[in-house]
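Please look at the sequence and the structure as I show them.

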Amino acid sequence: MSPFASYFVTFVVLASLVGYILLLWGTSKIKIGKDDDEETGHSWDGITELNSPLPKWWFWTFLAVSIWAIGFVFAYPALGNNEGFLGWTKEKQYEEALQLTDKKYSEYYATITNGPIEEIAQNPATIQTGQRLFLNNCAVCHGSDAGGAVGYPSLRDSDWLYGGEPAAIIHSIAQGRRGVMPTQTDPLMVFAENNGLDKDTIIDDTAEYVLSLSGNGEPNAAGEKAYQNVCAACHAPDGTGLAAVGGPNLTDDIWLYGTGDNAVDNLRSIVLTSIYNGRQNVMPAHADILSEEKIKTLAAYIYSLSQENPSAQ
Ligand code: HEC
Ligand code: HEC
(Lines give C-alpha, C1' and ligand atoms only; values in the text may rest on other atoms or scores of the structure.)
(Ligands and ions follow the chains in the order given, each with its own letter.)
Protein backbone atom coordinates (compact mmCIF):
# COMPACT_ATOMS: atom_id res chain seq x y z
CA MET A 1 0.00 0.00 0.00
CA SER A 2 1.34 3.48 -0.78
CA PRO A 3 2.62 5.57 2.20
CA PHE A 4 -0.30 7.98 1.83
CA ALA A 5 -2.89 5.20 1.87
CA SER A 6 -1.10 3.61 4.81
CA TYR A 7 -1.23 6.85 6.89
CA PHE A 8 -4.81 7.41 5.84
CA VAL A 9 -5.91 3.93 6.96
CA THR A 10 -3.98 4.27 10.24
CA PHE A 11 -5.58 7.65 10.91
CA VAL A 12 -9.12 6.42 10.14
CA VAL A 13 -8.77 3.30 12.29
CA LEU A 14 -7.29 5.11 15.32
CA ALA A 15 -9.56 8.15 15.03
CA SER A 16 -12.67 6.02 14.87
CA LEU A 17 -11.59 3.96 17.89
CA VAL A 18 -10.83 7.06 19.96
CA GLY A 19 -14.01 8.74 18.71
CA TYR A 20 -15.98 5.69 19.69
CA ILE A 21 -14.61 5.64 23.22
CA LEU A 22 -15.27 9.39 23.62
CA LEU A 23 -18.82 8.94 22.39
CA LEU A 24 -19.37 6.11 24.85
CA TRP A 25 -17.88 8.18 27.66
CA GLY A 26 -19.91 11.24 26.73
CA THR A 27 -23.26 9.49 26.57
CA SER A 28 -22.60 7.81 29.91
CA LYS A 29 -22.28 11.28 31.49
CA ILE A 30 -25.70 12.48 30.33
CA LYS A 31 -28.13 12.04 33.13
CA ILE A 32 -31.33 10.74 31.65
CA GLY A 33 -33.99 8.57 33.02
CA LYS A 34 -33.30 9.47 36.66
CA ASP A 35 -36.58 7.90 37.50
CA ASP A 36 -36.56 4.29 36.46
CA ASP A 37 -39.88 4.53 34.68
CA GLU A 38 -39.50 7.87 32.84
CA GLU A 39 -41.06 7.54 29.37
CA THR A 40 -39.82 8.86 26.01
CA GLY A 41 -43.34 9.76 24.97
CA HIS A 42 -43.39 7.09 22.24
CA SER A 43 -46.38 4.87 22.44
CA TRP A 44 -47.63 2.19 20.07
CA ASP A 45 -50.99 0.60 20.68
CA GLY A 46 -50.65 1.35 24.36
CA ILE A 47 -47.08 -0.01 24.56
CA THR A 48 -44.77 2.77 25.80
CA GLU A 49 -40.98 3.18 25.53
CA LEU A 50 -39.00 3.84 28.71
CA ASN A 51 -36.11 6.34 28.69
CA SER A 52 -33.47 4.36 30.58
CA PRO A 53 -29.65 4.73 30.48
CA LEU A 54 -27.39 1.86 29.25
CA PRO A 55 -27.03 -0.79 31.92
CA LYS A 56 -23.66 -0.46 33.71
CA TRP A 57 -22.44 -3.92 32.68
CA TRP A 58 -23.12 -2.99 29.08
CA PHE A 59 -21.10 0.20 29.31
CA TRP A 60 -18.11 -1.58 30.88
CA THR A 61 -18.24 -4.38 28.32
CA PHE A 62 -18.19 -1.80 25.50
CA LEU A 63 -15.26 -0.05 27.10
CA ALA A 64 -13.30 -3.27 27.67
CA VAL A 65 -13.86 -4.36 24.05
CA SER A 66 -12.71 -0.95 22.76
CA ILE A 67 -9.51 -1.06 24.80
CA TRP A 68 -8.89 -4.62 23.63
CA ALA A 69 -9.42 -3.41 20.04
CA ILE A 70 -6.68 -0.80 20.45
CA GLY A 71 -4.27 -3.51 21.63
CA PHE A 72 -5.38 -5.70 18.74
CA VAL A 73 -4.72 -3.16 15.97
CA PHE A 74 -1.17 -2.67 17.27
CA ALA A 75 -0.50 -6.39 17.72
CA TYR A 76 -1.70 -7.42 14.24
CA PRO A 77 -1.24 -5.79 10.83
CA ALA A 78 -4.29 -3.51 10.92
CA LEU A 79 -2.74 -0.03 10.68
CA GLY A 80 -1.77 0.50 7.05
CA ASN A 81 1.70 -0.94 6.42
CA ASN A 82 2.41 -1.52 10.10
CA GLU A 83 3.26 -5.22 10.57
CA GLY A 84 2.08 -5.43 14.17
CA PHE A 85 4.38 -6.34 17.07
CA LEU A 86 3.40 -10.04 17.04
CA GLY A 87 4.86 -10.41 13.51
CA TRP A 88 1.78 -12.35 12.29
CA THR A 89 1.18 -12.69 8.53
CA LYS A 90 -1.42 -14.72 6.70
CA GLU A 91 1.31 -16.31 4.58
CA LYS A 92 3.08 -17.51 7.73
CA GLN A 93 -0.15 -18.90 9.14
CA TYR A 94 -0.89 -20.66 5.86
CA GLU A 95 2.62 -22.13 5.73
CA GLU A 96 2.31 -23.40 9.28
CA ALA A 97 -1.09 -24.96 8.62
CA LEU A 98 0.29 -26.54 5.46
CA GLN A 99 3.30 -27.98 7.26
CA LEU A 100 1.04 -29.35 9.96
CA THR A 101 -1.28 -31.13 7.50
CA ASP A 102 1.67 -32.31 5.40
CA LYS A 103 3.18 -33.85 8.49
CA LYS A 104 -0.10 -35.42 9.52
CA TYR A 105 -0.73 -36.82 6.03
CA SER A 106 2.78 -38.05 5.42
CA GLU A 107 2.68 -39.88 8.76
CA TYR A 108 -0.64 -41.42 7.75
CA TYR A 109 0.50 -42.37 4.24
CA ALA A 110 3.70 -43.84 5.66
CA THR A 111 1.59 -46.30 7.65
CA ILE A 112 -0.68 -47.33 4.77
CA THR A 113 1.98 -47.56 2.06
CA ASN A 114 4.61 -49.41 4.03
CA GLY A 115 5.39 -52.62 2.14
CA PRO A 116 4.98 -54.08 -1.35
CA ILE A 117 1.75 -53.40 -3.29
CA GLU A 118 0.64 -57.05 -3.04
CA GLU A 119 0.77 -56.75 0.74
CA ILE A 120 -0.73 -53.29 1.31
CA ALA A 121 -3.57 -54.22 -1.09
CA GLN A 122 -4.79 -56.42 1.81
CA ASN A 123 -4.94 -53.48 4.22
CA PRO A 124 -8.51 -52.11 4.55
CA ALA A 125 -7.25 -48.59 5.40
CA THR A 126 -5.14 -48.50 2.23
CA ILE A 127 -8.07 -49.68 0.11
CA GLN A 128 -10.46 -47.18 1.66
CA THR A 129 -8.09 -44.24 1.09
CA GLY A 130 -7.30 -45.56 -2.39
CA GLN A 131 -10.98 -45.62 -3.26
CA ARG A 132 -11.43 -41.99 -2.16
CA LEU A 133 -8.41 -40.91 -4.18
CA PHE A 134 -9.83 -42.82 -7.13
CA LEU A 135 -13.22 -41.12 -6.87
CA ASN A 136 -11.53 -37.70 -6.79
CA ASN A 137 -8.95 -38.20 -9.52
CA CYS A 138 -9.86 -41.08 -11.78
CA ALA A 139 -13.60 -41.72 -11.71
CA VAL A 140 -14.40 -39.07 -14.37
CA CYS A 141 -12.74 -41.29 -16.96
CA HIS A 142 -12.76 -44.81 -15.52
CA GLY A 143 -16.17 -44.65 -13.80
CA SER A 144 -16.82 -44.51 -10.06
CA ASP A 145 -16.73 -48.32 -9.84
CA ALA A 146 -13.60 -48.39 -12.08
CA GLY A 147 -15.68 -50.34 -14.60
CA GLY A 148 -14.58 -48.14 -17.52
CA ALA A 149 -16.51 -46.78 -20.50
CA VAL A 150 -16.13 -46.73 -24.28
CA GLY A 151 -12.42 -46.04 -24.83
CA TYR A 152 -11.67 -46.02 -21.08
CA PRO A 153 -10.46 -49.39 -19.89
CA SER A 154 -12.11 -51.20 -17.00
CA LEU A 155 -9.68 -51.46 -14.09
CA ARG A 156 -11.80 -54.06 -12.29
CA ASP A 157 -10.80 -57.06 -14.37
CA SER A 158 -7.54 -58.82 -15.09
CA ASP A 159 -7.51 -57.75 -18.73
CA TRP A 160 -4.69 -55.25 -19.01
CA LEU A 161 -3.50 -53.15 -21.90
CA TYR A 162 -0.16 -52.43 -20.26
CA GLY A 163 0.12 -55.20 -17.67
CA GLY A 164 -1.34 -55.72 -14.21
CA GLU A 165 1.86 -56.17 -12.24
CA PRO A 166 2.28 -53.50 -9.52
CA ALA A 167 5.17 -51.83 -11.38
CA ALA A 168 3.12 -51.60 -14.61
CA ILE A 169 0.11 -50.12 -12.79
CA ILE A 170 2.30 -47.53 -11.07
CA HIS A 171 3.89 -46.66 -14.42
CA SER A 172 0.43 -46.23 -16.02
CA ILE A 173 -0.66 -43.83 -13.27
CA ALA A 174 2.56 -41.85 -12.80
CA GLN A 175 3.83 -41.57 -16.38
CA GLY A 176 0.56 -41.96 -18.24
CA ARG A 177 0.04 -44.04 -21.38
CA ARG A 178 -0.52 -43.34 -25.04
CA GLY A 179 -2.20 -46.02 -27.10
CA VAL A 180 -1.76 -45.44 -30.82
CA MET A 181 -2.95 -47.62 -33.65
CA PRO A 182 -2.44 -46.02 -37.07
CA THR A 183 -5.10 -46.57 -39.72
CA GLN A 184 -4.57 -49.99 -41.31
CA THR A 185 -6.29 -49.62 -44.69
CA ASP A 186 -3.10 -48.84 -46.63
CA PRO A 187 -0.97 -51.61 -45.04
CA LEU A 188 -3.76 -54.12 -45.74
CA MET A 189 -4.11 -52.95 -49.36
CA VAL A 190 -0.38 -53.15 -49.95
CA PHE A 191 -0.27 -56.60 -48.35
CA ALA A 192 -3.16 -57.86 -50.53
CA GLU A 193 -1.57 -56.41 -53.66
CA ASN A 194 1.82 -58.02 -52.99
CA ASN A 195 0.37 -61.41 -52.09
CA GLY A 196 -2.26 -61.85 -54.78
CA LEU A 197 -5.21 -61.45 -52.36
CA ASP A 198 -8.50 -59.70 -53.16
CA LYS A 199 -8.17 -56.00 -52.33
CA ASP A 200 -11.94 -55.58 -52.26
CA THR A 201 -12.46 -58.10 -49.47
CA ILE A 202 -9.18 -58.01 -47.54
CA ILE A 203 -10.49 -55.61 -44.88
CA ASP A 204 -13.63 -57.66 -44.24
CA ASP A 205 -11.58 -60.87 -44.27
CA THR A 206 -9.18 -59.50 -41.67
CA ALA A 207 -12.06 -58.29 -39.50
CA GLU A 208 -13.69 -61.73 -39.74
CA TYR A 209 -10.48 -63.42 -38.66
CA VAL A 210 -10.06 -61.00 -35.72
CA LEU A 211 -13.64 -61.75 -34.62
CA SER A 212 -12.93 -65.49 -34.83
CA LEU A 213 -10.16 -65.04 -32.24
CA SER A 214 -12.82 -64.38 -29.58
CA GLY A 215 -15.31 -66.90 -30.96
CA ASN A 216 -17.40 -64.22 -32.70
CA GLY A 217 -16.47 -64.97 -36.32
CA GLU A 218 -15.61 -67.72 -38.82
CA PRO A 219 -12.06 -68.85 -39.63
CA ASN A 220 -10.72 -66.91 -42.63
CA ALA A 221 -7.49 -67.92 -44.36
CA ALA A 222 -6.85 -64.63 -46.22
CA GLY A 223 -7.69 -62.66 -43.10
CA GLU A 224 -5.35 -64.78 -40.99
CA LYS A 225 -2.46 -64.18 -43.41
CA ALA A 226 -3.08 -60.46 -43.38
CA TYR A 227 -3.40 -60.41 -39.59
CA GLN A 228 -0.10 -62.25 -39.08
CA ASN A 229 1.70 -59.81 -41.34
CA VAL A 230 0.05 -56.52 -40.56
CA CYS A 231 -1.48 -56.71 -37.07
CA ALA A 232 0.50 -59.32 -35.13
CA ALA A 233 3.36 -56.93 -34.41
CA CYS A 234 1.15 -55.05 -31.96
CA HIS A 235 -1.55 -57.61 -31.03
CA ALA A 236 0.76 -60.69 -30.89
CA PRO A 237 0.58 -63.62 -33.32
CA ASP A 238 -1.99 -65.42 -31.14
CA GLY A 239 -3.99 -62.19 -30.65
CA THR A 240 -3.44 -61.95 -26.90
CA GLY A 241 -2.07 -58.42 -27.09
CA LEU A 242 1.24 -56.73 -26.42
CA ALA A 243 1.72 -54.72 -23.24
CA ALA A 244 4.79 -52.93 -24.63
CA VAL A 245 2.63 -50.93 -27.07
CA GLY A 246 -0.71 -51.32 -25.30
CA GLY A 247 -2.12 -53.50 -28.07
CA PRO A 248 -5.34 -54.97 -26.63
CA ASN A 249 -5.97 -58.69 -26.30
CA LEU A 250 -8.34 -59.57 -29.15
CA THR A 251 -9.15 -63.09 -27.95
CA ASP A 252 -10.92 -62.47 -24.62
CA ASP A 253 -14.16 -60.82 -25.77
CA ILE A 254 -13.37 -57.77 -23.58
CA TRP A 255 -13.49 -54.72 -25.83
CA LEU A 256 -11.90 -51.38 -25.01
CA TYR A 257 -14.31 -49.76 -27.46
CA GLY A 258 -17.23 -52.01 -26.56
CA THR A 259 -20.53 -50.54 -25.40
CA GLY A 260 -21.33 -53.53 -23.21
CA ASP A 261 -23.51 -55.10 -25.90
CA ASN A 262 -21.28 -57.76 -27.45
CA ALA A 263 -23.60 -58.57 -30.35
CA VAL A 264 -21.47 -59.68 -33.32
CA ASP A 265 -22.56 -56.70 -35.44
CA ASN A 266 -21.38 -54.29 -32.75
CA LEU A 267 -18.07 -56.08 -32.44
CA ARG A 268 -17.60 -56.09 -36.22
CA SER A 269 -18.11 -52.36 -36.29
CA ILE A 270 -15.51 -51.89 -33.52
CA VAL A 271 -12.98 -53.92 -35.53
CA LEU A 272 -13.75 -52.21 -38.85
CA THR A 273 -13.66 -48.72 -37.30
CA SER A 274 -10.30 -49.58 -35.72
CA ILE A 275 -8.93 -50.70 -39.08
CA TYR A 276 -10.29 -47.75 -41.08
CA ASN A 277 -9.67 -44.90 -38.64
CA GLY A 278 -7.02 -46.26 -36.32
CA ARG A 279 -7.22 -45.50 -32.60
CA GLN A 280 -5.65 -42.83 -30.41
CA ASN A 281 -5.98 -42.84 -26.66
CA VAL A 282 -4.30 -41.03 -23.79
CA MET A 283 -4.06 -41.79 -20.11
CA PRO A 284 -2.72 -38.55 -18.59
CA ALA A 285 0.40 -38.68 -16.39
CA HIS A 286 -0.25 -38.03 -12.70
CA ALA A 287 3.30 -37.82 -11.29
CA ASP A 288 3.09 -34.01 -11.09
CA ILE A 289 -0.38 -33.98 -9.56
CA LEU A 290 -0.23 -36.79 -7.00
CA SER A 291 2.50 -37.63 -4.48
CA GLU A 292 4.37 -40.93 -4.72
CA GLU A 293 2.47 -42.24 -1.69
CA LYS A 294 -0.88 -41.40 -3.23
CA ILE A 295 0.06 -43.13 -6.48
CA LYS A 296 1.14 -46.19 -4.52
CA THR A 297 -2.14 -46.16 -2.58
CA LEU A 298 -4.11 -45.93 -5.85
CA ALA A 299 -2.08 -48.74 -7.39
CA ALA A 300 -2.86 -50.94 -4.36
CA TYR A 301 -6.56 -50.14 -4.71
CA ILE A 302 -6.60 -51.03 -8.41
CA TYR A 303 -4.51 -54.14 -7.80
CA SER A 304 -7.01 -55.25 -5.14
CA LEU A 305 -9.92 -54.81 -7.59
CA SER A 306 -8.29 -57.06 -10.16
CA GLN A 307 -7.61 -59.68 -7.47
CA GLU A 308 -11.30 -59.59 -6.51
CA ASN A 309 -12.40 -60.19 -10.11
CA PRO A 310 -9.85 -62.57 -11.59
CA SER A 311 -12.36 -64.20 -13.96
CA ALA A 312 -11.15 -62.45 -17.12
CA GLN A 313 -7.66 -63.40 -18.23
C1 HEC B 1 -8.72 -38.08 -18.76
C2 HEC B 1 -9.15 -39.43 -18.56
C3 HEC B 1 -8.39 -40.27 -17.57
C4 HEC B 1 -8.13 -40.01 -16.26
C5 HEC B 1 -8.45 -38.78 -15.44
C6 HEC B 1 -7.48 -41.19 -15.75
N7 HEC B 1 -7.34 -42.12 -16.73
FE8 HEC B 1 -6.44 -43.92 -16.54
N9 HEC B 1 -6.65 -44.23 -18.53
C10 HEC B 1 -7.33 -43.41 -19.39
C11 HEC B 1 -7.30 -43.98 -20.72
C12 HEC B 1 -7.94 -43.40 -21.96
C13 HEC B 1 -6.53 -45.17 -20.62
C14 HEC B 1 -6.20 -46.13 -21.75
C15 HEC B 1 -5.00 -45.61 -22.47
C16 HEC B 1 -4.76 -46.38 -23.72
O17 HEC B 1 -5.69 -46.93 -24.30
O18 HEC B 1 -3.61 -46.42 -24.13
C19 HEC B 1 -6.17 -45.30 -19.22
C20 HEC B 1 -5.39 -46.33 -18.72
C21 HEC B 1 -5.15 -46.55 -17.37
C22 HEC B 1 -4.44 -47.69 -16.83
C23 HEC B 1 -3.85 -48.82 -17.63
C24 HEC B 1 -4.90 -49.89 -17.79
C25 HEC B 1 -4.43 -51.13 -18.50
O26 HEC B 1 -5.32 -51.88 -18.93
O27 HEC B 1 -3.23 -51.35 -18.60
C28 HEC B 1 -4.45 -47.55 -15.47
C29 HEC B 1 -3.85 -48.50 -14.45
C30 HEC B 1 -5.13 -46.31 -15.18
N31 HEC B 1 -5.54 -45.73 -16.36
C32 HEC B 1 -5.34 -45.82 -13.91
C33 HEC B 1 -5.81 -44.54 -13.66
C34 HEC B 1 -5.84 -43.95 -12.35
C35 HEC B 1 -5.42 -44.63 -11.06
C36 HEC B 1 -6.30 -42.69 -12.50
C37 HEC B 1 -6.47 -41.61 -11.45
C38 HEC B 1 -5.28 -41.17 -10.82
C39 HEC B 1 -6.59 -42.49 -13.91
N40 HEC B 1 -6.28 -43.64 -14.58
C41 HEC B 1 -7.07 -41.33 -14.44
C42 HEC B 1 -7.95 -42.24 -19.09
C43 HEC B 1 -7.89 -41.60 -17.86
C1 HEC C 1 1.29 -50.16 -34.34
C2 HEC C 1 0.59 -51.10 -33.53
C3 HEC C 1 -0.72 -51.65 -34.03
C4 HEC C 1 -1.01 -52.24 -35.22
C5 HEC C 1 -0.06 -52.50 -36.39
C6 HEC C 1 -2.38 -52.64 -35.15
N7 HEC C 1 -2.93 -52.26 -33.97
FE8 HEC C 1 -4.84 -52.53 -33.40
N9 HEC C 1 -4.48 -51.46 -31.74
C10 HEC C 1 -3.26 -51.00 -31.33
C11 HEC C 1 -3.40 -50.29 -30.10
C12 HEC C 1 -2.28 -49.65 -29.31
C13 HEC C 1 -4.76 -50.34 -29.79
C14 HEC C 1 -5.43 -49.71 -28.57
C15 HEC C 1 -5.66 -48.25 -28.88
C16 HEC C 1 -6.16 -47.53 -27.66
O17 HEC C 1 -5.50 -47.62 -26.63
O18 HEC C 1 -7.19 -46.88 -27.80
C19 HEC C 1 -5.41 -51.09 -30.83
C20 HEC C 1 -6.78 -51.37 -30.85
C21 HEC C 1 -7.36 -52.23 -31.74
C22 HEC C 1 -8.74 -52.68 -31.69
C23 HEC C 1 -9.77 -52.27 -30.64
C24 HEC C 1 -9.80 -53.34 -29.57
C25 HEC C 1 -10.83 -53.15 -28.49
O26 HEC C 1 -10.69 -53.83 -27.47
O27 HEC C 1 -11.74 -52.31 -28.63
C28 HEC C 1 -8.92 -53.54 -32.71
C29 HEC C 1 -10.18 -54.29 -33.04
C30 HEC C 1 -7.68 -53.62 -33.43
N31 HEC C 1 -6.75 -52.82 -32.80
C32 HEC C 1 -7.47 -54.38 -34.55
C33 HEC C 1 -6.33 -54.32 -35.32
C34 HEC C 1 -6.19 -54.96 -36.58
C35 HEC C 1 -7.24 -55.83 -37.25
C36 HEC C 1 -4.96 -54.66 -37.05
C37 HEC C 1 -4.32 -55.06 -38.33
C38 HEC C 1 -5.06 -54.77 -39.52
C39 HEC C 1 -4.32 -53.83 -36.05
N40 HEC C 1 -5.17 -53.65 -35.02
C41 HEC C 1 -3.03 -53.32 -36.17
C42 HEC C 1 -2.07 -51.16 -31.98
C43 HEC C 1 -1.94 -51.65 -33.26
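In which helix is the place of leucine 298? Leucine 298 belongs to helix 12, residues 292-308; helices here are DSSP runs of H or I with at least four residues, strands are runs of E with at least two, and both are numbered from the N terminus. This is a predicted model, in which local features need pLDDT of at least 70 and side-chain atom pairs count only at pLDDT 80 or more, while totals for chains, interfaces and linings use all residues. Residues are numbered from 1 along each chain as its sequence is written, chains are lettered from A and ligands numbered from 1 in the order in which they are written, and side-chain values use heavy atoms, with hydrogens and water left out.

Is leucine 298 buried or exposed? Leucine 298 counts as buried because its relative accessibility is 1%; buried means under 20% relative accessible area, exposed over 50%, and partly exposed in between, with a 1.4 Å probe and protein chains only. Setting aside residues up to four places away in sequence, leucine 298 touches Gly130, Leu133, Phe134, Cys138, Ile173 and Leu290, where contact means heavy atoms within 4.5 Å. The C-alpha atoms of leucine 298 and phenylalanine 11 are separated by 56 Å, and these residues are 287 apart along the chain.

An unreviewed UniProt entry lists Cys231 and Cys234 under "binding site"; UniProt positions are given in the numbering used here, feature names are shortened, and annotations may be inferred rather than shown by experiment. Cysteine 231 lies in helix 10, residues 221-235, and cysteine 234 lies in helix 10. How do they stand in accessibility? Cysteine 231 is buried, at a relative accessible area of 14%, whereas cysteine 234 is partly exposed, at 35%. Beyond its neighbours within four places in sequence, cysteine 231 is in contact with Thr206 and Ala226. With residues up to four places away again not counted, cysteine 234 touches Gly241, Leu242, Val245 and Gly247.

Let us finish with a pair of strands. Strand 1, residues 39-44, and strand 2, residues 47-50, run antiparallel and are joined by three bridges; two strands pair if DSSP finds at least two bridges between them. Which residue of strand 2 is the bridge partner of tryptophan 44? That partner is isoleucine 47. The two strands form a hairpin with two residues between them, and aspartate 45 in the turn has a positive phi of about 45°.
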